[in-house]
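Good morning, and thank you for joining the group meeting.

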Number of protein chains: 2
Amino acid sequence: MNSDRSEKIWIYDTTLRDGAQREGLSLSIEDKLRIAKQLDKLGVPFIEGGWPGANPKDVQFFWQLQEEPLQQAEVTAFCSTRRPGILAAQDPMLQPILAAGTRWVTIFGKSWDLHVIEGLKTTLAENLAMIADTIAYLISQGRQVIYDAEHWFDGYKRNPEYALKTLETAIASGAQWIVLCDTNGGTLPHEVSQIVAEVRQAFPNSDLKLGIHTHNDSDLAVANALAAVIAGVKMVQGTMNGYGERCGNANLCSVIPNLQLKLGYSCITDTQLTELTQTSRFVSEVVNLAPDDHAPFVGRSAFAHKGGIHVSAVERNPLTYEHLEPELIGNQRRIVISDQAGLSNILVKARTFGINLDKKDPACRQILDKLKELEHEGYQFEAAEASFELLMREALGKRQELFELKGWSVHCDMLAGTTMQYKNSLATVKVAVKGQDILAAAEGNGPVSALDAALREALINFYPAISHFHLTDYKVRILDSGVGTSAKTRVLVESSNSYERWTTVGVSGNILEASYLAVVEAIEYGLLMHSCSINPDCMENLYPKGVTTSLDQSGVKR
Amino acid sequence: MNSDRSEKIWIYDTTLRDGAQREGLSLSIEDKLRIAKQLDKLGVPFIEGGWPGANPKDVQFFWQLQEEPLQQAEVTAFCSTRRPGILAAQDPMLQPILAAGTRWVTIFGKSWDLHVIEGLKTTLAENLAMIADTIAYLISQGRQVIYDAEHWFDGYKRNPEYALKTLETAIASGAQWIVLCDTNGGTLPHEVSQIVAEVRQAFPNSDLKLGIHTHNDSDLAVANALAAVIAGVKMVQGTMNGYGERCGNANLCSVIPNLQLKLGYSCITDTQLTELTQTSRFVSEVVNLAPDDHAPFVGRSAFAHKGGIHVSAVERNPLTYEHLEPELIGNQRRIVISDQAGLSNILVKARTFGINLDKKDPACRQILDKLKELEHEGYQFEAAEASFELLMREALGKRQELFELKGWSVHCDMLAGTTMQYKNSLATVKVAVKGQDILAAAEGNGPVSALDAALREALINFYPAISHFHLTDYKVRILDSGVGTSAKTRVLVESSNSYERWTTVGVSGNILEASYLAVVEAIEYGLLMHSCSINPDCMENLYPKGVTTSLDQSGVKR
């Protein structure tokens, strides 16, 4: 066993490419950008962005990234080796890869002779030429290359000589990293250890930088990644929450804390590590999949304790009942009866919004109580930071009610025919603004857009800034799914004013009510942002007592 | 590494005890009996039934089992060592254990000195006496004892001498099995290997039978169980679907196929192994948790394939793209329908629905065209196989329109106040059934449940089977999210009739219309399934020309 610890292990996230292969998961360009930014913040050094050219969405994603580049992460473009019987420079497939404008490109090639002959329908020699030519061409174009050896372990077990020849070719052609892939996910940890050791022995004099890419078909993706690192690999590829085709990829939310906290390697900073739980939940919200409460490290139940004596023992000496401290990964201990944790989370969270809270401030306890009450109702603020900020401001007396909700009604009529008709929905809303009751109605080609339009109609004369922002995404999740269409619904609404994006949340047994609540907060937060753009100090202290801002005249209370 | 394969590994299932510790899972006596019988059928030799005395339910479960014993499995009663400072024979806790009437009893005791002193608040010597006395007493009462060494790995790492003394005591007192428990789930596979080897070395002359009990807090429960077996352990404790406290226990649905199919050990018969997938899903039904589609080996997506060329390669030589044959564990290969679908996908897919298509059949091309048109509109059939089957049947002239949609209308009124009121939504639907126009109305606490109720109201007299199925999940995704609330909406509806689950899809710019379309197909498909349960040939050829089935009289065309 290699005990060369404290050494850097390079994390390579492929949520945006391999993760998106998960059945039922589909990402918009906006989703991809949001996830990439969060991974960048987490400190992931490599992010595989997609296969530009395979679909128009990935092309556009890389263009967008050129306009708004990440802080530190390298985003790689992913592609196969060139086609057989054509020069790399002439293969049109590689042009969008170069156009993506990344410093790093990840090229996957065949390691398994059978796949060369049956899959590519070419010769073993031509496959080697494809590897060499593709890597050399990309390097000649100023790129650095990561080589993914597809089906490595299966190929090596059947024909080790040929498999090693493919690696030798990739190394000789200038690939910086060689990544051993367990594409079918069938390899066991002791086999990974042994084969990685054999690969290292096969290239004793080279400055070989190896990576590992594992799949979870045998429930061993994380174990295989760890086995490879212990055997000397320096890069681990995986995805957030283990998303991926079939049974998923190695879950980075488990790989990173195991490597860093258990094995003493270094992946990201300790501070970044405390963002792991939040990142996991953020990604699950963006992709609109329920977070797994029982996920190792980052799940809501991962540090949950039940029962009396046990609980006080946990309180006295947590490490006798926990394999590590949940705070290290931004998770929290949860005592199923009474939850004492959370206060410090609130403090940390408040700071991210530029609000400095004192632990002894009663507002702190108030926020926590309100938060728990709302979470019990089904609210979730992981991806709805705008709603959370409004909640905090309310507890601090810094939320100004810009309008009071009096009610709404919606009517949809499709009785005339079975195809949808334009403007089939009519919404009426009633709000009180600055002491005045306003009733407004609007049409829409669906009930939520009609509601949104009616609310804007009611408010536009009082708050003309509303015209500058609009809704950009809308996500719905059914909470207690066992009861079907009568279940509680959580709606996330994302809005934008062309400079900023913000997300709000609403929960109700009625999907339209949930949508309406989220839309209402979206507009309120948009107005708050607008007021901040006029008065930059407002994030710190939006409505300090005695100071009148342009929005501070209504005196309306909720 | 021990390569002593083909040897029997004893599977010990603790779904009914440790599995039931999972937050949100609760089992009735009836549930426990159903699961025990299914595990017995699967060939699991040991089933931990519960802790009789800890709650009345477990007492009754064991009584019930005495009346209707299992075929082959040993059901064990679970209990801790006796209390400090009292004789085992006088500890009332042990009396219900004996009354449970099992041949085997599992006793857990402390291995970690810290837990003895801080948790039990007794001396290290008394803990040894508790282990010895409890085991000896149970043996004197005719029981065979499995000894679970709680917190084994953590205890051994801190104080190996004392930890080994607890095992020595248990062995000397007559325990048949010694089970090493990673109670906090923090141990890594290489540590498990090493510590198991050290335990074996510590008792070189004894006929030591070791077991392993792992938790998934580090995402390594399965890997740790395998590492222990490779190091010489002969019993694996775990749960179905990995249920258990916090992040769960070792998932037997992964442990068994890995041991048997990958490592060549023998756990259950090959025929029993083909019941694994069904057992996993049965257990999830009984405990009322959605099965994990992405679960290794037994998940619905575990052998799912996407994409054209890839699919024909899988058909030709599955083992180049699959780590094992899904049939071995009773699962099946599944071709995912997506926008990359080619003709060969359609053919394979049709076969799984019992429809034999000819590549040259114009219907084939027609299905593909329709599929692409619908996918362009935003439909997605990856997760909506029921809708896809209806689509295929339509193209083949094998879809019978059971009712014709004439329209619908919904009214929600929240004008009275800002809080949601019960039954705030009223829906009206108009359908034509068997030549008759039916207008029906229903209320709901949301617009979708009102629509669902109104549709059922309209159809129930014609199709009473509707009462047997219900909606179990409802998912919403906004497609072109750039346009916010006016975006197109895709709704997935999952339904169940207690035997089968099916998913349908609807797309529209109006979320209620999309929901309605998905609900309509859910009901149509449910009726199709119902008709198949009466006439098993129908999957092959539901509505062959000239044959009249019980549902074949309406003549309604869409």
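**Strands and sheets across two chains**

I begin where the two chains meet: strand β11 (residues 404-413) of chain A pairs with strand β11 (residues 404-413) of chain B in the antiparallel sense, over 5 bridges. Before going further, please note that this is a predicted model, in which local features need pLDDT of at least 70 and side-chain atom pairs count only at pLDDT 80 or more, while totals for chains, interfaces and linings use all residues. Residues are numbered from 1 along each chain as its sequence is written, and chains are lettered from A and ligands numbered from 1 in the order in which they are written.

Two terms are needed at once. Helices (H or I, at least four residues) and strands (E, at least two) are DSSP runs, numbered from the N terminus. Two strands pair if DSSP finds at least two bridges between them. Strands of a sheet pair through backbone hydrogen bonds, either parallel or antiparallel.

Within the β11 pairing, H411(A) has H411(B) as its bridge partner. This pairing belongs to an open sheet of 6 strands, in the order β13(A)-β12(A)-β11(A)-β11(B)-β12(B)-β13(B), with antiparallel pairing. At its edges stand β13 (436-444) of chain A and β13 (436-444) of chain B, each with a single partner strand, so one side of each is left without a neighbour in the sheet. Neighbouring strands here are turned by 15° against each other on average, direction ignored; axes are lines fitted to C-alpha atoms, for helices over the stretch in contact, and angles run from 0 to 180 degrees between N-to-C directions. Inside chain A, strand β12 (residues 425-433) and β13(A) pair in the antiparallel sense over 9 bridges, and L426(A) stands opposite E443(A) there.

Which strands make up the other open sheet that contains β14(A) and β14(B)? Its 6 strands follow the order β16(A)-β15(A)-β14(A)-β14(B)-β15(B)-β16(B), again with antiparallel pairing. β16 (501-508) of chain A and β16 (501-508) of chain B are the edge strands, each pairing on one side only. Between the chains, 2 bridges join strand β14 (residues 470-478) of chain A to strand β14 (residues 470-478) of chain B, and K475(A) stands opposite R477(B).

Taking the interface as a whole, 90 residues of chain A are in contact with 91 residues of chain B, where contact means that the C-beta atoms of two residues, placed from the backbone, lie within 7 Å. The chain A side has 34 nonpolar, 42 polar and 14 charged residues. In this classification, Ala, Val, Leu, Ile, Met, Phe, Trp, Tyr, Cys and Pro count as nonpolar, Asp, Glu, Lys and Arg as charged, and the others, Gly among them, as polar.

**Inside chain A**

Chain A has 18 helices and 16 strands. Buried residues make up 53% of its 558 residues; a residue is buried if 20 or more other C-beta atoms lie within 10 Å of its own, exposed if 12 or fewer, and partly exposed in between, with C-beta atoms placed from the backbone.

Strand β6 (residues 177-182) of chain A illustrates the buried class, as 6 of its 6 residues are buried. W177(A), V179(A) and C181(A) point one way, and I178(A), L180(A) and D182(A) the other. β6(A) is joined in parallel by 4 bridges to strand β5 (residues 144-150) of chain A, with Y147(A) partnered by I178(A). β6(A) also pairs in the parallel sense with strand β7 (residues 210-214) of chain A over 5 bridges, and C181(A) stands opposite H213(A).

Is D358(A), by contrast in topic, buried or exposed? D358(A) lies in the loop between α14 (343-352) and α15 (362-377) of chain A. D358(A) is exposed, because 9 other C-beta atoms lie within 10 Å.

Finally, the domains, whose bounds come from an automatic or database domain assignment: chain A is given domain 1 (10-286), domain 2 (304-395) and domain 3 (404-539). The centres of domain 1 and domain 2 of chain A, taken over C-alpha atoms, are separated by 36 Å. Between these two domains, 12 residues of domain 1 are in contact with 8 residues of domain 2. The largest share of the domain 1 side, 7 residues, comes from α12(A).
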